[in-house]
Amino acid sequence: MHYYAASDTILPHDITESDIDFAHDGQGFPSWHRLYLLAWERTLQEVGNDEEFALPFWDWTGNPTQCDPTICSEELLGVTNQTTGIVRGKYLDNWYVLCTREQTFDLTEPCEPDDRRDGLKRNTDDEKEKKVKEQGYTMTFPTKKDVNFALRFETFDLPPFNKESSCNFRNILEGYVSTKTGFRLPNVHGLHNRVHIVVGGEMGDVPSASNDPIFPLHHAFVDRIYEKWLRKFNKDANVLSTYDAPIGHNRHDVIVPLFPVYTHQQMFKKSFEFGYDYQDVDEKGRSPGDEKEDESKSLGDCPQAKYYPNLPKSAAPGKLMCWWLMSVMLVWQLLLAD
(Lines give C-alpha, C1' and ligand atoms only; values in the text may rest on other atoms or scores of the structure.)
Protein backbone atom coordinates (compact mmCIF):
# COMPACT_ATOMS: atom_id res chain seq x y z
CA MET A 1 0.00 0.00 0.00
CA HIS A 2 2.80 2.42 0.89
CA TYR A 3 4.49 1.77 -2.45
CA TYR A 4 1.32 2.47 -4.44
CA ALA A 5 0.67 5.71 -2.55
CA ALA A 6 4.22 7.04 -2.85
CA SER A 7 5.60 5.69 -6.13
CA ASP A 8 5.73 7.70 -9.33
CA THR A 9 2.62 7.73 -11.51
CA ILE A 10 3.36 5.75 -14.66
CA LEU A 11 1.78 7.17 -17.81
CA PRO A 12 1.74 5.86 -21.40
CA HIS A 13 4.80 6.25 -23.64
CA ASP A 14 7.29 5.68 -20.78
CA ILE A 15 6.35 8.93 -19.06
CA THR A 16 6.34 9.13 -15.26
CA GLU A 17 4.95 11.80 -12.95
CA SER A 18 6.73 12.12 -9.61
CA ASP A 19 4.77 15.07 -8.16
CA ILE A 20 1.79 13.00 -6.99
CA ASP A 21 2.25 11.39 -3.59
CA PHE A 22 -0.89 10.53 -1.65
CA ALA A 23 0.96 9.79 1.60
CA HIS A 24 3.69 12.43 1.83
CA ASP A 25 4.58 16.03 1.01
CA GLY A 26 1.23 17.40 2.14
CA GLN A 27 -1.13 18.08 5.02
CA GLY A 28 -2.51 14.53 4.87
CA PHE A 29 0.81 12.97 5.92
CA PRO A 30 -0.17 12.26 9.59
CA SER A 31 -3.71 11.08 8.88
CA TRP A 32 -2.68 8.86 5.94
CA HIS A 33 -0.12 7.05 8.05
CA ARG A 34 -2.49 6.78 11.02
CA LEU A 35 -4.95 4.82 8.89
CA TYR A 36 -2.13 2.75 7.39
CA LEU A 37 -0.84 1.78 10.84
CA LEU A 38 -4.35 0.88 12.00
CA ALA A 39 -4.79 -1.38 8.96
CA TRP A 40 -1.38 -2.95 9.66
CA GLU A 41 -2.22 -3.50 13.32
CA ARG A 42 -5.65 -5.00 12.60
CA THR A 43 -4.11 -7.38 10.06
CA LEU A 44 -1.50 -8.57 12.57
CA GLN A 45 -4.24 -9.07 15.15
CA GLU A 46 -6.07 -11.36 12.72
CA VAL A 47 -2.95 -13.25 11.68
CA GLY A 48 -1.91 -13.79 15.30
CA ASN A 49 -5.47 -14.36 16.54
CA ASP A 50 -4.81 -11.77 19.23
CA GLU A 51 -7.20 -8.82 19.55
CA GLU A 52 -4.98 -7.29 22.23
CA PHE A 53 -1.90 -7.00 20.01
CA ALA A 54 -0.68 -3.42 19.59
CA LEU A 55 2.12 -2.04 17.45
CA PRO A 56 5.03 -0.86 19.59
CA PHE A 57 6.84 2.39 18.89
CA TRP A 58 10.55 3.06 18.61
CA ASP A 59 11.67 6.24 20.37
CA TRP A 60 14.59 7.19 18.13
CA THR A 61 15.49 10.19 20.30
CA GLY A 62 17.28 7.96 22.81
CA ASN A 63 20.59 7.56 20.95
CA PRO A 64 21.68 10.02 18.23
CA THR A 65 24.22 7.76 16.55
CA GLN A 66 22.70 4.30 16.44
CA CYS A 67 19.48 2.35 16.64
CA ASP A 68 18.56 1.25 20.15
CA PRO A 69 20.44 -2.08 20.57
CA THR A 70 17.41 -3.64 22.26
CA ILE A 71 15.52 -3.14 18.98
CA CYS A 72 18.29 -3.53 16.40
CA SER A 73 19.45 -6.83 17.83
CA GLU A 74 19.80 -10.41 16.63
CA GLU A 75 16.68 -11.30 18.62
CA LEU A 76 14.42 -8.59 17.20
CA LEU A 77 14.90 -6.37 14.15
CA GLY A 78 18.39 -7.40 13.17
CA VAL A 79 21.98 -6.18 13.04
CA THR A 80 23.54 -4.61 9.93
CA ASN A 81 26.59 -6.29 8.45
CA GLN A 82 29.09 -3.44 8.13
CA THR A 83 30.59 -4.90 4.94
CA THR A 84 27.49 -5.79 2.91
CA GLY A 85 24.76 -3.69 4.54
CA ILE A 86 22.59 -6.81 4.77
CA VAL A 87 20.57 -7.09 7.99
CA ARG A 88 20.91 -10.37 9.87
CA GLY A 89 18.96 -11.74 12.80
CA LYS A 90 16.54 -14.30 14.13
CA TYR A 91 13.73 -13.12 11.84
CA LEU A 92 15.77 -11.39 9.11
CA ASP A 93 18.08 -14.06 7.70
CA ASN A 94 15.48 -15.21 5.16
CA TRP A 95 13.89 -11.80 4.60
CA TYR A 96 13.09 -10.66 1.08
CA VAL A 97 12.07 -7.28 -0.32
CA LEU A 98 9.97 -6.17 -3.27
CA CYS A 99 8.95 -3.03 -5.16
CA THR A 100 12.36 -1.40 -4.71
CA ARG A 101 13.67 1.28 -7.04
CA GLU A 102 16.00 -1.27 -8.71
CA GLN A 103 13.22 -3.82 -9.20
CA THR A 104 10.93 -1.25 -10.82
CA PHE A 105 13.68 0.18 -13.06
CA ASP A 106 13.88 3.44 -11.15
CA LEU A 107 10.09 3.53 -10.67
CA THR A 108 9.40 3.57 -14.41
CA GLU A 109 7.59 0.21 -14.39
CA PRO A 110 4.87 -1.16 -12.10
CA CYS A 111 5.87 -3.29 -9.15
CA GLU A 112 5.75 -7.01 -9.81
CA PRO A 113 4.99 -8.73 -6.45
CA ASP A 114 6.52 -12.01 -7.61
CA ASP A 115 9.85 -10.28 -8.26
CA ARG A 116 11.58 -10.68 -4.90
CA ARG A 117 15.12 -9.86 -3.80
CA ASP A 118 16.73 -11.71 -0.92
CA GLY A 119 18.14 -9.67 1.93
CA LEU A 120 17.07 -6.48 3.70
CA LYS A 121 19.56 -3.60 3.56
CA ARG A 122 20.36 -0.69 5.89
CA ASN A 123 23.16 1.87 5.95
CA THR A 124 26.62 0.84 7.05
CA ASP A 125 28.74 3.31 9.02
CA ASP A 126 30.81 3.95 5.89
CA GLU A 127 27.68 4.74 3.87
CA LYS A 128 26.55 7.19 6.54
CA GLU A 129 29.90 8.95 6.45
CA LYS A 130 29.76 9.10 2.65
CA LYS A 131 26.34 10.77 2.74
CA VAL A 132 27.65 13.35 5.18
CA LYS A 133 30.59 14.23 2.92
CA GLU A 134 28.94 13.98 -0.50
CA GLN A 135 25.36 15.07 0.17
CA GLY A 136 25.70 17.17 3.29
CA TYR A 137 23.17 15.11 5.23
CA THR A 138 22.97 15.08 9.01
CA MET A 139 23.31 11.37 9.74
CA THR A 140 22.24 11.33 13.38
CA PHE A 141 18.79 10.61 14.73
CA PRO A 142 16.57 13.52 15.81
CA THR A 143 16.59 14.51 19.49
CA LYS A 144 13.96 15.22 22.13
CA LYS A 145 14.79 18.89 21.62
CA ASP A 146 13.76 18.57 17.96
CA VAL A 147 10.47 16.91 18.92
CA ASN A 148 9.75 19.54 21.56
CA PHE A 149 10.37 22.28 18.99
CA ALA A 150 7.73 20.79 16.67
CA LEU A 151 5.22 20.57 19.52
CA ARG A 152 5.44 24.32 20.18
CA PHE A 153 3.64 25.09 16.92
CA GLU A 154 -0.12 25.42 17.33
CA THR A 155 -0.59 26.01 13.59
CA PHE A 156 -1.06 22.63 11.92
CA ASP A 157 -0.18 23.65 8.36
CA LEU A 158 0.12 26.73 6.16
CA PRO A 159 -0.05 27.43 2.42
CA PRO A 160 0.97 25.92 0.09
CA PHE A 161 0.15 22.91 2.33
CA ASN A 162 2.95 20.83 0.83
CA LYS A 163 6.65 20.23 1.55
CA GLU A 164 7.46 23.89 0.85
CA SER A 165 5.49 25.31 3.78
CA SER A 166 7.24 26.75 6.85
CA CYS A 167 6.42 27.60 10.47
CA ASN A 168 3.89 24.82 11.07
CA PHE A 169 3.69 21.56 12.98
CA ARG A 170 2.95 19.21 10.07
CA ASN A 171 5.94 20.03 7.90
CA ILE A 172 8.30 20.06 10.88
CA LEU A 173 6.99 16.61 11.85
CA GLU A 174 7.32 15.28 8.31
CA GLY A 175 10.87 16.59 8.22
CA TYR A 176 11.14 19.22 5.51
CA VAL A 177 11.58 22.09 7.95
CA SER A 178 14.56 23.03 10.13
CA THR A 179 14.04 22.44 13.85
CA LYS A 180 16.26 25.45 14.48
CA THR A 181 14.67 28.12 12.28
CA GLY A 182 11.20 26.68 11.60
CA PHE A 183 11.68 27.33 7.89
CA ARG A 184 11.87 25.08 4.88
CA LEU A 185 15.48 24.95 3.72
CA PRO A 186 17.10 23.03 0.84
CA ASN A 187 18.73 19.74 1.85
CA VAL A 188 17.48 20.03 5.45
CA HIS A 189 15.89 16.84 6.75
CA GLY A 190 14.54 16.49 10.25
CA LEU A 191 12.31 14.30 12.40
CA HIS A 192 10.44 11.72 10.25
CA ASN A 193 12.49 12.18 7.07
CA ARG A 194 15.85 12.05 8.79
CA VAL A 195 15.11 8.71 10.45
CA HIS A 196 14.44 7.19 7.02
CA ILE A 197 17.71 8.63 5.70
CA VAL A 198 19.82 7.53 8.68
CA VAL A 199 18.46 3.96 8.67
CA GLY A 200 18.93 3.81 4.91
CA GLY A 201 18.67 0.81 2.64
CA GLU A 202 15.05 0.12 1.79
CA MET A 203 13.98 2.59 4.51
CA GLY A 204 15.97 5.31 2.77
CA ASP A 205 13.78 5.25 -0.34
CA VAL A 206 10.14 6.23 0.26
CA PRO A 207 8.29 3.76 -2.02
CA SER A 208 10.21 0.73 -0.67
CA ALA A 209 10.46 1.87 2.98
CA SER A 210 7.76 -0.43 4.34
CA ASN A 211 9.85 -3.49 3.37
CA ASP A 212 11.78 -2.90 6.59
CA PRO A 213 10.03 -4.19 9.74
CA ILE A 214 11.40 -1.16 11.60
CA PHE A 215 9.06 1.01 9.48
CA PRO A 216 5.88 0.55 11.58
CA LEU A 217 7.84 1.14 14.81
CA HIS A 218 9.22 4.37 13.40
CA HIS A 219 5.82 5.54 12.23
CA ALA A 220 4.15 4.56 15.48
CA PHE A 221 6.47 7.05 17.19
CA VAL A 222 5.64 9.68 14.56
CA ASP A 223 1.97 8.96 15.25
CA ARG A 224 2.62 9.41 18.98
CA ILE A 225 4.04 12.90 18.31
CA TYR A 226 0.96 13.67 16.19
CA GLU A 227 -1.26 12.45 19.03
CA LYS A 228 0.54 14.65 21.53
CA TRP A 229 -0.12 17.66 19.29
CA LEU A 230 -3.82 16.79 18.89
CA ARG A 231 -4.27 16.54 22.66
CA LYS A 232 -2.15 19.58 23.50
CA PHE A 233 -3.97 22.00 21.17
CA ASN A 234 -7.34 20.17 21.00
CA LYS A 235 -7.74 20.75 17.27
CA ASP A 236 -10.12 19.10 14.82
CA ALA A 237 -10.27 18.67 11.05
CA ASN A 238 -11.32 22.28 10.53
CA VAL A 239 -7.61 23.13 10.45
CA LEU A 240 -7.28 21.20 7.17
CA SER A 241 -7.51 23.02 3.86
CA THR A 242 -10.53 21.96 1.84
CA TYR A 243 -9.19 22.70 -1.64
CA ASP A 244 -5.65 24.07 -1.66
CA ALA A 245 -3.56 21.06 -0.61
CA PRO A 246 -1.95 18.65 -3.11
CA ILE A 247 -4.21 16.05 -4.71
CA GLY A 248 -5.22 13.40 -2.19
CA HIS A 249 -4.42 15.62 0.81
CA ASN A 250 -7.47 17.86 1.05
CA ARG A 251 -9.85 17.58 3.97
CA HIS A 252 -12.51 15.54 2.17
CA ASP A 253 -10.15 13.57 -0.09
CA VAL A 254 -10.20 9.83 0.45
CA ILE A 255 -7.01 8.19 1.69
CA VAL A 256 -5.57 6.38 -1.32
CA PRO A 257 -5.30 3.39 -1.80
CA LEU A 258 -6.63 2.01 1.50
CA PHE A 259 -9.99 0.27 1.96
CA PRO A 260 -12.50 0.65 3.46
CA VAL A 261 -12.59 4.27 2.35
CA TYR A 262 -11.85 7.02 4.86
CA THR A 263 -11.18 10.72 4.35
CA HIS A 264 -8.53 12.81 6.06
CA GLN A 265 -11.29 14.53 7.99
CA GLN A 266 -12.41 11.20 9.43
CA MET A 267 -8.87 10.31 10.51
CA PHE A 268 -8.07 13.71 12.01
CA LYS A 269 -9.16 12.66 15.49
CA LYS A 270 -7.55 11.62 18.75
CA SER A 271 -6.46 8.02 19.13
CA PHE A 272 -9.21 7.25 21.67
CA GLU A 273 -11.75 7.35 18.85
CA PHE A 274 -9.92 4.55 17.05
CA GLY A 275 -9.62 2.33 20.11
CA TYR A 276 -5.99 2.85 21.07
CA ASP A 277 -3.92 4.98 23.42
CA TYR A 278 -0.32 5.81 24.33
CA GLN A 279 0.37 4.71 27.88
CA ASP A 280 2.82 7.52 28.69
CA VAL A 281 0.80 10.40 27.14
CA ASP A 282 -1.82 12.09 29.30
CA GLU A 283 -5.07 13.68 28.11
CA LYS A 284 -3.33 17.03 27.55
CA GLY A 285 -0.56 15.49 25.46
CA ARG A 286 2.11 15.59 28.16
CA SER A 287 4.67 12.86 28.74
CA PRO A 288 8.09 12.40 30.41
CA GLY A 289 10.82 14.37 28.65
CA ASP A 290 8.56 17.24 27.61
CA GLU A 291 9.58 20.85 28.09
CA LYS A 292 8.57 22.43 31.36
CA GLU A 293 5.88 25.05 31.17
CA ASP A 294 8.29 27.81 32.19
CA GLU A 295 10.97 26.93 29.61
CA SER A 296 11.66 29.03 26.51
CA LYS A 297 9.09 28.58 23.78
CA SER A 298 11.08 30.00 20.89
CA LEU A 299 9.67 29.26 17.43
CA GLY A 300 13.04 29.79 15.78
CA ASP A 301 12.78 32.50 13.14
CA CYS A 302 8.98 32.10 12.89
CA PRO A 303 6.59 34.69 14.33
CA GLN A 304 4.65 33.82 17.45
CA ALA A 305 1.24 32.29 16.76
CA LYS A 306 -0.60 35.46 17.72
CA TYR A 307 1.04 37.24 14.78
CA TYR A 308 -0.12 34.72 12.16
CA PRO A 309 -2.70 36.06 9.73
CA ASN A 310 -6.25 34.79 10.14
CA LEU A 311 -6.25 32.17 7.42
CA PRO A 312 -9.62 31.05 5.95
CA LYS A 313 -10.74 27.62 7.05
CA SER A 314 -11.05 26.54 3.45
CA ALA A 315 -10.39 27.82 -0.03
CA ALA A 316 -14.11 27.77 -0.91
CA PRO A 317 -14.56 31.57 -1.12
CA GLY A 318 -11.61 31.87 -3.48
CA LYS A 319 -12.87 29.03 -5.66
CA LEU A 320 -16.34 30.57 -5.91
CA MET A 321 -14.83 33.92 -6.88
CA CYS A 322 -12.78 32.25 -9.61
CA TRP A 323 -15.88 30.52 -11.01
CA TRP A 324 -17.81 33.81 -10.90
CA LEU A 325 -15.07 35.70 -12.75
CA MET A 326 -14.77 32.96 -15.37
CA SER A 327 -18.55 33.06 -15.94
CA VAL A 328 -18.53 36.86 -16.32
CA MET A 329 -15.66 36.68 -18.80
CA LEU A 330 -17.44 33.98 -20.82
CA VAL A 331 -20.66 36.01 -20.99
CA TRP A 332 -18.70 39.11 -21.93
CA GLN A 333 -16.92 37.27 -24.77
CA LEU A 334 -20.27 35.96 -26.08
CA LEU A 335 -21.69 39.48 -26.07
CA LEU A 336 -18.69 40.82 -27.94
CA ALA A 337 -18.98 37.98 -30.47
CA ASP A 338 -22.52 39.08 -31.28
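This is a predicted model: local features need pLDDT of at least 70, side-chain atom pairs count only at pLDDT 80 or more; totals for chains, interfaces and linings use all residues.
**Entry 1: aromatic pairs**

I searched the whole structure for aromatic pairs and got 18. I looked up Y36 and W40 to begin with. Their rings form an edge-to-face pair, with centres 5.4 Å apart and planes at 70°. I noted the angle because planes over 60 degrees apart count as edge-to-face. Both residues sit in helix α2, which covers residues 29–47. They are four residues apart there, about one turn of the helix. I then checked the exposure of Y36.

Next I took W60 and F221. This aromatic pair is also edge-to-face; I wrote down 4.8 Å from centre to centre and 85° between the planes. Where do W60 and F221 lie in the chain? W60 is in the loop between α2 and β3 (79–80), and F221 is in helix α7 (residues 215–233). The two are 161 residues apart, and the pair links distant parts of the chain. Are W60 and F221 buried or exposed? W60 is buried, at a relative accessible area of 1%. F221 is buried as well, at 2%.

I also looked for aromatic residues that group together. One cluster consists of F156, F169, Y226, W229, F233 and F268.

**Entry 2: salt bridges between separate parts**

The salt-bridge count for the structure is 19. I opened the bridge between the side chains of K144 and D59, where the N to O distance is 3.8 Å. K144 belongs to helix α4 (residues 144–150), while D59 is in the loop between α2 and β3. The two residues are 85 apart in sequence, so this bridge ties together separate parts of the chain. K144 is partly exposed, with a relative accessible area of 39%, and D59 is partly exposed with 29%.

I then went to K90 and E75. Their salt bridge has its closest N and O atoms 3.7 Å apart. K90 is in the loop between β4 (87–88) and β5 (96–97), and E75 is in the loop between α2 and β3. Here the parts tied together are 15 residues apart in sequence. I recorded a relative accessible area of 54% for K90, which means that K90 is exposed.

I looked up R231 and E227, which form a salt bridge with 2.7 Å between the closest N and O atoms. Both are in helix α7, four residues apart, so about one helical turn separates them.

**Entry 3: a negative patch**

Which residues form the negative surface patch? I listed D125, D126, E127 and E129. E127 lies in helix α3, residues 125–135. Its relative accessible area is 35%, so I put E127 down as partly exposed.

Methods: Residues are numbered from 1 along each chain as its sequence is written. Side-chain values use heavy atoms; hydrogens and water are left out. Patches are made of residues with over 30% relative accessible area and no salt bridge: like charges are joined within 9 Å, nonpolar side chains (Val, Leu, Ile, Met, Phe, Trp, Tyr) within 5 Å. Accessible areas come from the Shrake-Rupley method with a 1.4 Å probe; for residues, only the protein chains shown count as cover. A salt bridge is a side-chain nitrogen of Lys or Arg within 4 Å of a carboxyl oxygen of Asp or Glu. Lys and Arg count as positive and Asp and Glu as negative; His and the chain ends are not counted. The place of a charge is taken as NZ of Lys, CZ of Arg, CG of Asp or CD of Glu. Buried means under 20% relative accessible area, exposed over 50%, partly exposed in between (1.4 Å probe, protein chains only). Rings of Phe, Tyr and Trp (its six-membered ring) pair if their centres lie within 6.5 Å; planes under 30 degrees apart count as stacked, over 60 as edge-to-face and the rest as tilted.
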